[in-house]
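Visitor: I'd like to learn how to read charge pairs and interfaces in a model like this. Could you walk me through it?

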Amino acid sequence: MKVEKISRSPIAELKRHVDVIQEAFKQALIPDRVTVEYPRERRIYPDNLRGFIVLDRSKCISCFRCAQICPANAIQMSLYDNFYPGVDYTKCIFCHFCVDSCPTGALASSNLHDMAFRSLEEMKVKATQMTRLPTIVREDKQSVEYFVTKKDWKLQRKKELEDISVLRIIPRIKPRRAFCEEPESCLGCRQCMEVCPHDAIVMERCEITLGGEVIGKGCILKVTEKCVGCGLCVRQCPMQILALKEVE
Amino acid sequence: MQEWQFVMPEKKHKKKFFGNLKAEVIDAKLCCHCAACSAICPVYGITAGDKPIEFPNWVKDCVDCGACVKVCPRWEYKPLNGVGNYVEVISAKSKRFKGQDGAMVTEITATALEMGLIEKAIFVSRDEDWRTKIVTIRDVSQLYDRKVTGTKYCYADSIPALKEAILSSKAVGFVGTPCMVSAVRKMQNSFKKFERVKLVIGLFCTENFYHHQLSEFLLKHKNVDLMKATKTDIKKGKFIVRFVDGSRVSFPVKELEEIIPSGCKVCQDFSAVESDVSVGSVGSESGFSTVLVRTEIAKAIVDKIRERGTAEIKEPDMGAVQKLCDYKIKIHPYPPKKKEEKKEEKS
Ligand SMILES: Cc1cc2nc3c(=O)[nH]c(=O)nc-3n(C[C@H](O)[C@H](O)[C@H](O)COP(=O)(O)OP(=O)(O)OC[C@H]3O[C@@H](n4cnc5c(N)ncnc54)[C@H](O)[C@@H]3O)c2cc1C
């Protein structure tokens, strides 16, 4: 298509000016812009949008799962009274694998999505800073929400503000415990015992009997009540005979 | 609370289990290099490959579980020998595949895959220099590769690959020399998960070699560069190497005596008596394989092959097989004849 030459006649010029003034009046009275005027406005996101990660230290069992699963290598375990995770937001890609893999629900998402840091150093958030939401300075005066239907999409501006003090979106976790699915394939290597952070798997020596007769020496492995279901042993087992099972 | 038991084998020396294995099997020159110990070791400390089995730093790193001892076919070694039990024996040649002899190993594997009896099979392929390379066969189409079929006269780490395969699959096929077959049976007796090995094909075998020793021998004494070889074979006491240009070099296997590994020299199992089906060249004319069918699953496969007509079938010469079985007992006496001081056996 060829671009037509703009007419420079006074009438055309005048018409264009009128158009602009008309649009300006329209926008001043009933605006229909779609841009979110952040930070004066804040967009409302769906509940499940992944946000700032918070930690409940009382639930954390120091199993290191989050640190091991993190594809961005953004989680650093640091020693306090025990090991707790800290998130480096220079690396975090907000996949929340850490939250999903946490066996006890110690890690959770929050609905804080816009974080600002003053320096790169500050972006390395420590475990102690993850137990509550950071201080929020709110400048927003109204919230914005998009509605998309098959035909068109609309923007709705509301005067009321969204509450971002809702701390944690608590994942639903059922307590689980390690369980040996095929004891007949146990190598007796005790790697499960070695890796267990809670000494929940114990071993005793015993005699092995077959039909009432002693056929040799062996050991008994026990998964005790101490098991918190972190699943580290499941991953360690070279024969892959351990699994996590839900307990009532 | 859940609890379960496991057996600890009896130790012969006051050392960790690998120390026991080293003293009783490796240092005692009985090791057949089947690599079962390397496969089962929970800390992956035992190394195989093209060198004698070892566990660097075992004094520290061995977790003393005894799994290696449980699966070793040479621990408390009692040689197996003879033709063994079989329900049927045929001499056959596959119409689809090209292999070492009649490509019956390949035909049996392909049929088992097609019948859905196994999901995958562990085969031994090779690189340009005839170093063994493990391949997992998931589809019959992979079996048309001439590098995948055919005999490589070098140790292969098939059992470590087999262990990985059973972790991810419920029905696996395996091909190996008699010592490897025995190792797989020991693994099945000790650890239930190995019941997933549904088909064990044994190869007739008199001896095997380390790749570096064989290739060095061929280069130094016979001026043979394996890079140019298209086939290696042992027939009628001769080691034969064929080349791309059609030429061949052949010499008596006896000349290889000095590089025959000590573990092979105590082995009397020619026909892989513990297999589901054993395949070899002895007992068949050129281009055919002798197939000793020992168990039900193998019988079902061979019946299927017959029904479909995917192989040409003839009568084998069982006299020749029997002769080789007897011969192996003769040349590999156990305990070895010319021995040094007999070791005191005190526990
Ligand atoms: C070390 C060795 C020594 C042998 N010695 C004799 C002998 O003395 N007398 C005799 O009659 N037969 C012997 N055989 C068997 C023979 O060479 C053929 O493998 C057999 O006849 C099967 O032939 P095919 O054409 O049916 O097999 P193919 O269909 O060609 O299949 C060959 C199979 O052997 C496997 N294989 C090849 N190399 C190895 C290896 N190094 N370790 C484990 N698996 C391997 C391949 O994965 C393949 O599955 C020996 C085999 C080996 C591996």
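Guide: Happy to. Start with a linked group: A:R42, A:D114, A:R138 and A:D140 are joined in a network of salt bridges. Keep in mind that this is a predicted model.

Visitor: Which parts of the chain does the pair A:E41 and A:R157 link?

Guide: A:E41 is in strand β1 of chain A and A:R157 in strand β8 (residues 153-158), 116 residues apart. Their salt bridge has its closest N and O atoms at 2.5 Å. A:E41 is buried because its relative accessible area is 2%, under the 20% cut-off. A:R157 has 26% and is partly exposed.

Visitor: And is A:E121 buried or exposed?

Guide: Exposed, at 57% relative accessibility. A:E121 pairs with A:K124, with the closest N and O atoms 3.5 Å apart, and A:K124 is partly exposed at 39%. Over all chains, the structure holds 36 salt bridges.

Visitor: Now for interfaces. How is the size of an interface often given?

Guide: As the accessible area lost when the parts come together. Between chain A and chain B, about 2600 Å² is buried, and carbon and sulfur atoms give 60% of that. The contact takes 32 residues from chain A and 24 residues from chain B.

Visitor: How many salt bridges cross the interface of chain A and chain B?

Guide: One. The side chains of A:K222 and B:E3 meet there, at 3.8 Å from N to O.

Visitor: What about the domains inside chain A?

Guide: Six residues from domain 1 and nine residues from domain 2 take part in their contact. The area buried between them is about 600 Å², with 50% from carbon and sulfur atoms. On the domain 1 side, A:I61, A:C63 and A:R65 lose the most area to domain 2, together 66% of what that side buries. The count of salt bridges between the two domains is zero.

Visitor: Which residues make the nonpolar surface patch of about 330 Å²?

Guide: A:V34, A:V148 and A:W153. A:V34 lies in the loop between α1 (10-29) and β1 (41-43) of chain A, and is partly exposed at 39% relative accessible area.

Terms used: Residues numbered from 1 in each chain as written. Chains lettered and ligands numbered in written order. Predicted model: local features only at pLDDT ≥ 70, side-chain atom pairs only at ≥ 80, totals over all residues. Heavy atoms only, no water. Patch = residues over 30% accessible without salt bridge, like charges linked within 9 Å, V, L, I, M, F, W, Y side chains within 5 Å. Areas by Shrake-Rupley, 256 points an atom, 1.4 Å probe, with all protein chains shown as cover. Salt bridge = Lys/Arg side-chain N within 4 Å of Asp/Glu carboxyl O. Helix = DSSP H or I, 4+ residues; strand = E, 2+ residues; numbered from the N terminus. Buried < 20%, exposed > 50% of the residue type's maximum accessible area, 1.4 Å probe, protein only. Contact = heavy atoms within 4.5 Å. Buried area = accessible area lost by both parts, 1.4 Å probe.
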